[in-house]
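Below is a short briefing on one structure, covering helix packing, salt bridges and a surface patch.

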Amino acid sequence: WILVLMPAVMACWVYLRGWVYLHACEAEDHWHLEIDKDIHMTCHCYEFISEYSRRQHMNEYFTGRLWEATRQGRIPKQQIHLNNKYMTLWLGPIFIALYICTATPHVLAGEISVGTFLTT
């Protein structure tokens, strides 16, 4: 049963988390586009910004926008990637623990030998 359940769990995980990861990538791309628009606007209007001594204001504006882009775009994507990585690493040990918990009563009842239990 483990040979069927483990790949099924992994397939469900990939299907469900794929959509979440795709949305996180789209959010990050949206923020990259917004920052690019801001940079283009600033370069286009730089003479105006410089003449009215608004460089400090633009620095603060960019700092806020980059922080917002990191918080809403990059960090969620990295968190999802980390969760996906650890899920695959923990799936094997979880199923080993399930096998031990379900097969131990059979060993104690004498239905399965200790050698068979240890080798599977």
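Angles under 35 degrees count as roughly parallel, over 145 as roughly antiparallel, 65 to 115 as roughly perpendicular and the rest as oblique. The model is predicted, so local features need pLDDT of at least 70 and side-chain atom pairs count only at pLDDT 80 or more, while totals for chains, interfaces and linings use all residues. Residues are numbered from 1 along each chain as its sequence is written, and side-chain values use heavy atoms, with hydrogens and water left out.

**Helix packing**
- The axes of helix α1 (residues 2-44) and α3 come within 10 Å and cross at roughly 170 degrees; helices are DSSP runs (H or I, at least four residues), numbered from the N terminus.
- α1 and α3 are therefore roughly antiparallel to each other.

**Salt bridges**
- The whole structure holds six salt bridges, each a side-chain nitrogen of Lys or Arg within 4 Å of a carboxyl oxygen of Asp or Glu.
- R74 and E28 form one of them (3.5 Å, N to O).
- R74 lies in helix α3 and E28 in helix α1, so this pair ties together parts 46 residues apart in sequence.
- E28 also meets K77 in a salt bridge (2.9 Å, N to O).
- E28 is buried, at 8% relative accessible area, whereas K77 is partly exposed at 22% (buried is under 20%, exposed over 50%, partly exposed in between; 1.4 Å probe, protein chains only).
- The side chains of K37 and E34 meet in a salt bridge (3.7 Å, N to O).
- Salt bridges that share partners join E34, K37, D38 and R65 into one network.

Definitions and conventions. Axes fitted to C-alpha atoms, helices over the stretch in contact; angles between N-to-C directions. Helix = DSSP H or I, 4+ residues; strand = E, 2+ residues; numbered from the N terminus.
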